[in-house]
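Please open the model in your viewer and keep the selection panel at hand. The stops below can be followed in order.

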Amino acid sequence: GMGARNGILIRKGEAIQTMKEVKTVAFDKTGTITKGKPEVTNFVSKVKENYFWEVSGSLEHMSEHPIAKAIVAKAALKDYKKYTSFSVVRGRGLEGKLGNKKIVIGNRTLMNEKNISFREIEQQIKGWEEEGKTTMIVAENAKVIGAIAVADAVKEDSIKAISALKMRGFRTVMITGDNETTAKTIAKQIGIDEVIANVLPEEKAKKVE
């Protein structure tokens, strides 16, 4: 009852018994260490800007992901283009058909899987990632037409919480679907030593094990 009043859900009494054995605390990144309210901070486009945001905003509008919401807010479209097909590639991005064009928006992993080269904007992306930003690359018919950087602010109490745990001798780990460069930058900001990056949602529990 005391746990519930303090926002801590304990499944059964045994959990309290085994708590004293805990030496490692693992955190998810988005919405736990960060606020979970990402915003678009940068973008690069190789096509007309209006077209770039129409294509990106309309596809992301079909997703519920916090990053998608940030892109939709930035695009600020009055009308959304009609995609004839849409699918989520879990932990990687989105794809859809717009007329005779195949649009893919996603991270490096998705682009590599689809054999889409983003060499031309690689340095730009690397720079954003080193600032702790998440990057989504936009491709049309297997050609990159731009990229979007999204930042999610660290919660004010994250640094305090990590510091308190470390003072008590706990090992702290961050598990995230984000790429390694972005994840390490965020981890450094808050004082977490260990990072497990590029993890798909369904793999997170396995990483804890």
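For the lining tallies on this tour, Ala, Val, Leu, Ile, Met, Phe, Trp, Tyr, Cys and Pro count as nonpolar, Asp, Glu, Lys and Arg as charged, and the others, Gly among them, as polar. The model is predicted: local features need pLDDT of at least 70 and side-chain atom pairs pLDDT 80 or more, whereas totals for chains, interfaces and linings use all residues. Residues are numbered from 1 along each chain as its sequence is written, and side-chain values use heavy atoms, with hydrogens and water left out.

**Stop 1: the largest pocket**

Select His65, Ile67, Gly91, Thr134 and Gly177, which lie nearest the centre of the largest pocket among its 39 lining residues. A pocket is an open set of points on a 1 Å grid over the protein atoms alone, where a 1.4 Å probe fits and protein lies on both sides within 12 Å along at least five of seven lines; lining residues have an atom within 4 Å of a point. The volume is about 760 Å³, taken as the space filled by probe spheres set on the points, with grid points joined across faces, edges and corners. The lining divides into 14 nonpolar, 15 polar and ten charged residues. Next, colour strand 6, which gives the largest share of this lining, four residues. Helices (H or I, at least four residues) and strands (E, at least two) are DSSP runs, numbered from the N terminus.

**Stop 2: the second largest pocket**

Move to Ile8, Leu9, Ile10, Arg11, Ala15, Ile16 and Met19, the lining of the second largest pocket. About 190 Å³ of space lies here. Six of the lining residues are nonpolar, none is polar and one is charged.

**Stop 3**

Two strands pair if DSSP finds at least two bridges between them; three bridges join strand 8 (residues 171–175) to strand 9. Within this pairing, methionine 174 stands opposite valine 195 in strand 9.

**Stop 3: valine 199**

Continue to valine 199, in the loop between strand 9 (194–196) and helix 10 (204–208). Is valine 199 buried or exposed? Valine 199 is buried, because its relative accessible area is 4% (buried means under 20%, exposed over 50%, partly exposed in between, with a 1.4 Å probe and protein chains only). Display its contacts (heavy atoms within 4.5 Å): not counting residues up to four places away in sequence, valine 199 touches Ile175, Thr176, Gly177, Lys204 and Lys207.
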